[in-house]
Amino acid sequence: MVYLLVALAVVVLDQLTKLYVVAHFYVGESVPVIENIFHWTYILNPGAAFGMLEGSRWLFVLIALAVMTGIWYMRREIAEYGPWCTYGAALFGGGAVGNLIDRARQGLVIDFFDFRIWPVFNVADIAICVGVGCIIWSILLKEWQENKNA
């Protein structure tokens with residue numbers, strides 16, 4: 001049950017930060033936090049990571065729905081891999097929902113973290129990446145433990 005709270009926390013934090021950016025910045029505005037290193041830059045992303053597959057709104061909506069359905073359907077198997085996988089799936093699912101809300105509402109995802117050497121991203125993107133990393137880590141740990149015990 002805690003994993004549902006983690007996913008919900010990701011969605012809430014993601015949406016609150018996006019609401020803040022929309023209320024305080026105009027599209028394209030970039031405000032330095034640490035000059036030439038980290039800026040808040042408000043962009044609207046019509047694609048996936050790095051702007052790939054621009055204009056594929058419904059494909060991304062279907063993928064997000066498939067991710068959430070898959071996580072729900074495989075929840076018992078996910079739990080067997082332990083907390084890394086469980087919380088990773090919660091982060092991944094929460095991030096998918098956060099960006100899904102943007103896509104469903106306006107067809108674009110609000111991005112704003114800008115490190116100047118990487119494409120601009122948001123809280124949901126962070127949760128997705130960290131979640132996938134946790135899932136991969138849990139799979140590697142399980143494989144290592146099974147090979148060690150074999």
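Reader: How many salt bridges does the structure hold?

Author: Side chains of opposite charge can pair when their charged atoms come close. A salt bridge here is a side-chain nitrogen of Lys or Arg within 4 Å of a carboxyl oxygen of Asp or Glu. The structure holds four salt bridges. Keep in mind that this is a predicted model, where local features need pLDDT of at least 70 and side-chain atom pairs count only at pLDDT 80 or more, while totals for chains, interfaces and linings use all residues. Residues are numbered from 1 along each chain as its sequence is written, and side-chain values use heavy atoms, with hydrogens and water left out.

Reader: Which residues are linked in a network of salt bridges?

Author: That network links D14, K18, D102 and R105. The side chains of D14 and K18 meet at 2.8 Å, N to O. Both residues lie in helix α1, four residues apart, about one turn of the helix. Helices (H or I, at least four residues) and strands (E, at least two) are DSSP runs, numbered from the N terminus. For D102 and R105, the closest N and O atoms are 3.4 Å apart, and this pair lies in helix α4 (residues 83-106), three residues apart.

Reader: Is D102 buried or exposed?

Author: Buried means under 20% relative accessible area, exposed over 50%, and partly exposed in between (1.4 Å probe, protein chains only). D102 is buried because its relative accessible area is 0%. Both D14 and K18 are buried too.

Reader: And how do α1 and α5 pack?

Author: Axes are lines fitted to C-alpha atoms, for helices over the stretch in contact, and angles run from 0 to 180 degrees between N-to-C directions. Helix α1 (residues 2-24) meets α5 at an angle of about 150°, with the axes 8 Å apart. So α1 is roughly antiparallel to α5, a label for angles over 145 degrees. D14 and K18 turn up again here: among the α1 residues that make the contact (heavy atoms within 4.5 Å), they join V10, L13 and T17. From α5 come V123, A124 and A127.

Reader: Where does I117 lie?

Author: I117 lies in the loop between β3 (109-114) and α5 (123-149). It counts as exposed because its relative accessibility is 77%.

Reader: What makes up the whole chain?

Author: The chain has five helices and three strands. Their order from the N terminus is α-β-β-α-α-α-β-α. Buried residues make up 37% of the 150 residues.

How values were computed
Parallel < 35°, antiparallel > 145°, perpendicular 65-115°, else oblique.
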